[in-house]
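Subject: Structure handover

Hello,

Here is the structure I promised to pass on. Please open it beside this email and follow along.

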Amino acid sequence: PEPGLTEPTRPDTPSPPTVSTPTPEPPAKKNFLGPAPTFWTAKADPGARFEAPPANLAYRLPAVPSSVLYPQGPTRFAATGRGKATIDAVVLYDLHTGENLGTADGFRASMDSPFNTGPVISPDGTYLGLYNSSAGGGGVAVGNVKTKKPVALLPFPEGEPVIRFPTADRVLAVRAKSGARLWSLPDGDLIREFAFQDDFARDGGTVPVSPGGRFVAFGTDGSPPETIVLYDLEAGTEAGRLKPPKLGRADVLVNGLAFSPDGTELAAFVSGIPTGAFSVGEGVVVWDLDTGRLVDQQAIVKNGQGQLIGIGPEPLQWFPDGQGWLVAHQYVVDRKSAKIVHHVKAEGDTFAFQATKVIADDRVLRAVGGTALVPEKVVRRPVAD
């Protein structure tokens, strides 16, 4: 046949067999525990499908736990800083292989608060972003870790912002009561600029971006921060507000926020839940992103553990299957029972536990000896009574 034409089927040519496509199972019906918010435009925002590392993963990454950087959420990349309180270079690693992907240097950054003003790593491990107060009145400096070349210096004179990479090719800077700017990479073009109305908690674990890069969430500042606000980065407008339910006699404190890996839910790690006449505990609250309705609220069942401290870059991390969390960088919590089923014991200085990262449904990366990171298999389900 001529190019672009289909040869007619001959009478003696059997027709190709019909291939039946199985009907996908409908998603499980959610049991909503509360009404929808009065105003809500957010929706599920899935990202790329998470690829788990090999089951026989085994390596040691040289690293000082206090200088380890991870992209938010499930990832296959980690960067380890050279230095402790102040770093002047980062080495990028592939967590699926342990391979050294390159070193970026030529800067100095404090690690006192690395989860807000930088350094921050992009989801694909390509870019490093940090705030530079001396450049043109202040701006976000972005460099390519793999090529060791500067990419852009993006003006942000309002002061130190929270820096995030919503996607591999976009960088966001936001400062409470000042505004936000979203740029494209590597060209550094300004995509959108908009105002933030609230003063929000600056803890890194309470400013997550959804897996698809569409929404950013944060807890409003206060004691406790009673409201969680979502902004739509595509529209540059507020997308809704959530108020954690009272799990006792008083309002709870939001210690960390995290979008589920499939982009359908938002969870909050909360504290201040009364567990006795003179004691309080912690819990996890979950909302459905399509509706803004509450779908889960549980007090964490502890087995002699003390207070679960919500500090560090990601005090709440989802496991990829959505059926549990790593809480306070140390405790594996089963979603169904709300029980702590595993304690990840990091080695090193006082804050070595902050380097613990979920890398698969059954594994985390943890610090050993204060000099390296190694994969560790974890228990995910409670042992039968």
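First, a term: helices (H or I, at least four residues) and strands (E, at least two) are DSSP runs, numbered from the N terminus. This is a predicted model, in which local features need pLDDT of at least 70, side-chain atom pairs count only at pLDDT 80 or more, and totals for chains, interfaces and linings use all residues. Residues are numbered from 1 along each chain as its sequence is written, and side-chain values use heavy atoms, with hydrogens and water left out.

**The whole chain**

The protein chain has zero helices and 27 strands. It holds 385 residues, and 51% of them are buried. Buried means under 20% relative accessible area, exposed means over 50%, and partly exposed lies in between (1.4 Å probe, protein chains only). The chain exposes about 18,100 Å², with 51% of that supplied by carbon and sulfur atoms. Accessible areas come from the Shrake-Rupley method with a 1.4 Å probe; for residues, only the protein chains shown count as cover.

Now contacts, meaning heavy atoms within 4.5 Å. Take those between residues at least 6 apart in sequence: 48% join residues at least 24 apart.

**Strands 25 and 26**

Look at strand 25 (residues 357-360) and strand 26 (residues 363-368). They pair in the antiparallel sense over three bridges. Two strands pair if DSSP finds at least two bridges between them. A hairpin of two residues joins strand 25 to strand 26. A360 stands opposite R363.

R363 lies in strand 26. Is R363 buried or exposed? R363 counts as buried, because its relative accessibility is 9%. Its side chain makes a polar contact with the side chain of D362 (2.9 Å). A polar contact is a pair of N or O atoms within 3.5 Å; within protein, one must be able to donate a hydrogen and the other to accept it, and residues adjacent in sequence count only if both atoms are side-chain atoms. Leaving aside residues up to four places away in sequence, R363 touches several others, among them P53, P54, F319 and V378.

N56 sits in the segment before strand 1 (61-62). N56 counts as exposed because its relative accessibility is 66%. N56 and P375 are 319 residues apart in sequence, yet 9.8 Å apart in space, C-alpha to C-alpha.

**Salt bridges**

A salt bridge is a side-chain nitrogen of Lys or Arg within 4 Å of a carboxyl oxygen of Asp or Glu. By this rule there are 18 salt bridges.

- E158 and R181 meet through their side chains (2.9 Å, N to O). E158 is in the loop between strand 9 (149-155) and strand 10 (162-167), while R181 is in strand 12 (residues 179-184), 23 residues apart. E158 is partly exposed at 32% relative accessibility, whereas R181 is buried at 13%.
- E282 and K302 also form a salt bridge (2.9 Å, N to O). E282 lies in strand 19 (residues 279-288) and K302 in the loop between strand 20 (294-299) and strand 21 (316-318), so the pair ties together parts 20 residues apart in sequence. E282 is buried, with a relative accessible area of 3%; K302 is partly exposed, with 27%.
- D296 pairs with R335, with the closest N and O atoms 3.0 Å apart. D296 lies in strand 20 and R335 in the loop between strand 23 (331-334) and strand 24, so this pair ties together parts 39 residues apart in sequence. Both D296 and R335 are buried.

Salt bridges that share partners also join D321, D334, R380 and R381 into one network.

**Backbone points to check**

Most residues other than glycine have a negative phi, and most peptide bonds are trans. Which peptide bond is cis? The one from L185 to P186, with omega near 10°. P186 is in the loop between strand 12 and strand 13 (190-194).

H329 has a positive phi, near 65°. H329 lies in the loop between strand 22 (324-327) and strand 23. H329 counts as buried because its relative accessibility is 1%. Phi of A338 is also positive, near 65°. A338 is found in the loop between strand 23 and strand 24. At 4% relative accessibility, A338 counts as buried.

Best wishes
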